[in-house]
Amino acid sequence: MSAPEALPLPVEFASAPLIPTEPVGACPVCRAVDFAPFAFGYDYESRTCRNLWRFVRCAACGHVWLDPRPALSTLATIYPPTYYAYNYASQVNPIARRAKEWLDSRKMRRIVASLPRAPGSFLDVGCGDGRFLRVMESRGIPRSRLFGLELDDRVVRPLADAGFQAFCERVEDCSKIPDGAIDLATMFHVIEHVDDPARVCRAVARWLAPGGVFAVETPNLDSLDARLFHRTHWGGYHIPRHWSLFTPASLQRLLADAGLTPFAVRFQTGHSFWMFSFHHWLRYEGRPMPRLARAFNPLRGLPMLAAFTALDIVRATLGARTSAMLVLARKPA
Ligand SMILES: [Zn+2]
């Protein structure tokens, strides 16, 4: 597949900047340098730039990554202050927020149930406003043993002031977490954003106590919606902010290479990937239908949000591989 003439720049992108890029050149999982184009697309979600982006696939291990990717100097452009992950609570419908809180606590309950005993310490990489730190506090872990890493100082400072071990640092640079100290580490929808996922996993593996568990959630390329919208519109691409796209196999390999033993793969609801896929397709393919597309925006279309969440709960219950996977790995005792 060569650069697609069939993907002309949508008119709405005309005033967006062309941003500097840098080549990656080797597979972030296995370091092989033999790869081929996999998919192309634009920043359909936020229209922060007008670059045509390319995902490539490793010929050796099948991993998919963005190459070239945005230069580090452009991070403030591709993650603007309006980026919804920073303002989730204020943007989303209150009913949707309640539903998400319910799904989140259900997710944590199931993760904790997979540990041999109740964890005495917890780390959340990409802890946001600390909602999972508070969930674990309610399960009896003191704030002195609750660690969080986040890149936005506006959310880190209040957590640190409240006594949580919260730090505004990248995993790769962090020296504040003692080695062998963490019973449970979680990383929800972060690994796909980092420049060196192997290095991130090695750091977390070092922080884990023997027998400690690392739970990683990320988009799953081996899913129905990823196949249906493969060419350009899949919501899980999140172009150009997702730099690595995993399958259950490639993520388990990454964790094993970091010295951990993967022991479970679970499928969560991928409702926002379904919705953004339809949104991008309706908004940008053929004759654009922006008003209809809006009903599929996960931040606005509540009936669709409920429908796709229910769809994926049923699919996951029936054993389908949804587009959001949770992989659990243990540090050998
Ligand atoms: Zn590879």
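Reply: Donors are N, O and S atoms within 2.8 Å of the metal (3.2 Å for Na, K and Ca), and water is not among the atoms, so sites may look incomplete. The model is predicted, so local features need pLDDT of at least 70 and side-chain atom pairs pLDDT 80 or more, while totals for chains, interfaces and linings use all residues. Residues are numbered from 1 along each chain as its sequence is written, and side-chain values use heavy atoms, without hydrogens and water.

Me: What spacing do the donors of the zinc ion follow along the chain?
Reply: The spacing is C-x2-C-x27-C-x2-C. The donors are the SG atoms of C27, C30, C58 and C61, lying 2.3 to 2.4 Å from the zinc ion.

Me: What is the arrangement of the four donor atoms?
Reply: It is tetrahedral, because the donor atoms subtend angles of 102 to 115 degrees around the zinc ion; four donors count as tetrahedral if all angles lie between 85 and 135 degrees.

Me: Turning to α9, how many of its residues are buried?
Reply: Of the 14 residues of α9, 11 are buried, so the rest of the structure largely encloses this helix. Helices are DSSP runs (H or I, at least four residues), as are strands (E, at least two), numbered from the N terminus.

Me: Which residues are those?
Reply: Among them are F273, W274, M275 and F276.

Me: What follows α9?
Reply: G286 does, with a positive phi near 60 degrees.

Key: Four donors count as tetrahedral if all angles lie between 85 and 135 degrees; four count as square planar and six as octahedral if opposite donors are over 155 degrees apart and all others between 65 and 115; anything else is irregular. Buried means under 20% relative accessible area, exposed over 50%, partly exposed in between (1.4 Å probe, protein chains only).
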